[in-house]
Amino acid sequence: MKTIKFTIILLLSSVSFLHAQIKVDTIGKAIIGTPPDGTPDRYNVTSMMVYGKNGVYKAGSKISFGDFGSQENNGWNVFVGEYSDIDTDRLWLHGKKGCYLTYNRGYTENVIACYDIDLGNRFNFNCDVYANGIKVTSDLRFKENINKLENPLSSLRKLDGVSYNLIGNESIKASTTFRESVNSDVNKISQNGLTEKEMSDKAFFDEWDKNLKNNKETKLGFIAQDLQKIFPELVSEDKSGYLSVDYIGLIPVIIEGMKEQSRIIDAQSAKIKELEAQINDPGKIAIDIPVLKSTTTEVEKISSETTNAFLYQNVPNPFSEETEIRYFLPEETRQAYIYIFDMQGNLLKKENAMGQDYMIVKGTELHAGMYIYSLIVNGKEVDTKRMILTK
């Protein structure tokens, strides 16, 4: 009777396996689905093969875990398989609400990397990332509301670079605490109750945790809270209140700051050459150097607003037909004007100096004689010079 029951069960099992198209071949390889024609694994590399139902090559096979759900109801929850239903030969690792890469005991305390929609639209890494190169999408066609960076050099001067040692992120601290409690329980077990591999793994991760705790590698960077006050667009905050810095976003600020600094250096060089020319050729009209009759505080205030603005001697001077007045304005300039006066102090001409670095004075606009012109930046006089018009 027992023999008959066993035979029936065996037959039912065989029918079930055949109906489900699950087979185990003579060398122990599990085969799910219907293999394509030919020899799919000629050298018997795999231990299990899962075939889809599409095309000659049986593409589109997928293995789900837990409840799969219907796609139209936000299903397709967790699965791994071939991307698409055609023969793409591309791995598809899918988690409806994200994916986690963990090590050792896994779970949240041993996360190497993860994409979790509850943490925002970002890929999080709890380790150093090495690459031969990193490229960030920056095509003009993906951008709108493009604006020139304002006062980059002034903003960069407010930054303080620091060196520091990481205390360790929250996931590393959690993994250490968790594992210490586990190791505490393991230590209560007789060493004879552990396999050689278990004892080796325990020793390895004890040392691993110790190295993570004692890692004092010096790093260079910024304090996110300080950077946020100057460049808030480069600092992001997660749901736990921790701040992160977009260091790549600082590159265009640095480039624009260097360009502004270069313009200032060029302007200073031109100013020095002008002064040298005046010294070497006493026959030229002397440059007026106004005497400041202000308190120290007032001088510092004026200097802070106009120190990088310059006014140059007009060329040619004297002139008869036209002359060019050049000047230099720093990035932080809010308003700038060129004023032209006669020798009695009457204002003859007022020209907006913003958006350019020179102005042309026509001889037909004035009578022959000597004139005074001044550069006014942000309401402060930068410099005053003389020019002569001849007929």
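**Close-up 1. The salt bridge between E256 and K148.** In this predicted model, the side chains of E256 and K148 come together in a salt bridge, with N and O 3.7 Å apart; the term stands for a side-chain nitrogen of Lys or Arg within 4 Å of a carboxyl oxygen of Asp or Glu. E256 belongs to helix 6 (residues 250-280) and K148 to the loop between strand 9 (123-125) and helix 2 (152-157), so the pair ties together parts that are 108 residues apart in sequence. Helices (DSSP runs of H or I, at least four residues) and strands (runs of E, at least two) are numbered from the N terminus. K148 is exposed, at a relative accessible area of 54%. Here, exposed is over 50%, buried is under 20% and partly exposed lies in between, using a 1.4 Å probe and protein chains only.

Local features need pLDDT of at least 70 and side-chain atom pairs count only at pLDDT 80 or more, while totals for chains, interfaces and linings use all residues.

**Close-up 2. K349 with its partners E351 and E365.** Look for K349 and E351 here: their salt bridge has its closest N and O atoms 3.6 Å apart. E351 is partly exposed, with a relative accessible area of 26%, and K349 is partly exposed as well, at 23%. The side chain of K349 also meets that of E365 in a salt bridge (3.7 Å, N to O). This second pair links distant parts of the chain, 16 residues apart: K349 sits in strand 17 (residues 347-352) and E365 in the loop between strand 18 (358-362) and strand 19 (369-377). E365 is partly exposed, with a relative accessible area of 41%.

**Close-up 3. D116, buried and without a salt bridge.** D116 lies in strand 8 (residues 111-116). The nearest side chain of opposite charge belongs to K239, 7.6 Å away; Lys and Arg count as positive and Asp and Glu as negative, with His and the chain ends not counted. The side chain of D116 does reach the backbone nitrogen of D118, at 2.9 Å. Leaving aside neighbours within four places in sequence, D116 is in contact (heavy atoms within 4.5 Å) with K97, G98, Y100 and R122.

Close-up 4. Strand 4 is joined to strand 5 (residues 78-82) by three bridges, and the bridge partner of S64 in strand 5 is F79.

**Close-up 5. Strand 15 and its pairings with strands 14 and 18.** Strand 14 (residues 310-311) and strand 15 (residues 322-328) run antiparallel and are joined by two bridges. F310 has F328 of strand 15 as its bridge partner. Strand 15 also pairs with strand 18 in the antiparallel sense, over five bridges. Follow R326 to find Y358 standing opposite in strand 18.

How values were computed
Residues are numbered from 1 along each chain as its sequence is written. Side-chain values use heavy atoms; hydrogens and water are left out. A polar contact is a pair of N or O atoms within 3.5 Å; within protein, one must be able to donate a hydrogen and the other to accept it, and residues adjacent in sequence count only if both atoms are side-chain atoms. Two strands pair if DSSP finds at least two bridges between them.
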